[in-house]
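Here is a short report on one protein model. Look at the structure first, then read on.

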Amino acid sequence: MDTQCGDLSAQSISNNYSTTAPPEPVHSTGAHRTEGDENAGGFGELTELPIEINERRPTCLCCGRPQKVCLCPFMPVRPLEVSTCLYIVQHPAEESRVLRTVPLLAACLPPEKCKVFVGRRFNEERNPELAAVCRDPKTLVLYPGLDAENLEDMKVDFSASVHNVLIIDGTWSQAKDMFHRNALFRLPKQLLLRPLRALCSFQLQHGAQVHHSKEHLLRNGIYDKPMPTNKRKIKRMEQLVSNSTL
């Protein structure tokens, strides 16, 4: 009896459990679509759209510009014979610009008359040739600093000897930063005032807006941006106001 009761109890529990278990879900095609299924279907349609592949425009190997706006037909057939040697210190960001002008200049001059140095920092150990040029009294740097002079006002006979010209290639802020971070660039005489003023005047006549420098804004108390909390940046701003290093 005990055995039969045990068997009957087990069987009844098994039967009860089987009757209360939920039925297996039945999926039918196109029925009971959930919100996730609908979204998946929407993305599925997007994946069927054609993919546009942006190919890089072919560039000229000589001037470095896109072939559609190549300037080679307007450049000299042979390099120009000049007595002045150009030394260009180029900010690294300028290398990626499509419409950069240094390749055009280099294509017009002999290789020994136009040399390009790329970087932000330069010193005598890593750049002995450039350091020697900067120390040469016959070297001029194109930079509109406080000590800059007009070329016409210099009492120099440029036809008597070969001169070097140092050019800083970059945006205004990049060129200014490179000029003040490299003591070598402050050794040659500075010039470029009159052409710079003419350029600014031309731009203002054709709709350019006047932008004051950070030094001007700080000195006149009209700098409206939040002041930095970094000690190095604070010291830099103090130098801008006092003009102790510029």
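## A nonpolar surface patch

L151, V156 and F158 form a nonpolar patch on the surface, and together they have about 210 Å² of accessible area. Accessible areas come from the Shrake-Rupley method with a 1.4 Å probe, and for residues only the protein chains shown count as cover. Patches take residues with over 30% relative accessible area and no salt bridge; like charges are joined within 9 Å, and nonpolar side chains (Val, Leu, Ile, Met, Phe, Trp, Tyr) within 5 Å. F158 sits in the loop between β3 (139-142) and β4 (164-169). F158 counts as partly exposed, at 30% relative accessibility.

## About the model

This is a predicted model: local features need pLDDT of at least 70, side-chain atom pairs count only at pLDDT 80 or more, and totals for chains, interfaces and linings use all residues. Residues are numbered from 1 along each chain as its sequence is written, and side-chain values use heavy atoms, with hydrogens and water left out.

## Overall build

The protein has eight helices and five strands. Helices (H or I, at least four residues) and strands (E, at least two) are DSSP runs, numbered from the N terminus. Their order along the sequence is α-α-β-α-β-α-β-β-α-β-α-α-α.

Of the 246 residues, 25% are buried. Buried means under 20% relative accessible area, exposed over 50%, and partly exposed in between (1.4 Å probe, protein chains only).

## Helix α5

Which residues of α5 are buried? They are Q174, A175, M178, F179 and H180. Their cover includes β1 (85-90), β4 and β5 (189-191).

D177 and R181 also lie in helix α5, four residues apart, about one turn of the helix. The two form a salt bridge, with their closest N and O atoms 2.7 Å apart. A salt bridge is a side-chain nitrogen of Lys or Arg within 4 Å of a carboxyl oxygen of Asp or Glu. D177 is partly exposed at 34% relative accessibility, and R181 is partly exposed at 42%.

## Other salt bridges

By this rule the count is four salt bridges. One of them joins K115 and E129, with the closest N and O atoms 2.7 Å apart. K115 lies in strand β2 (residues 114-118) and E129 in helix α4 (residues 128-135), so the pair ties together parts 14 residues apart in sequence.

D136 and K138 also meet through their side chains in a salt bridge (3.5 Å, N to O). D136 is partly exposed at 23% relative accessibility, and K138 is partly exposed at 31%.

Notes. Contact = heavy atoms within 4.5 Å.
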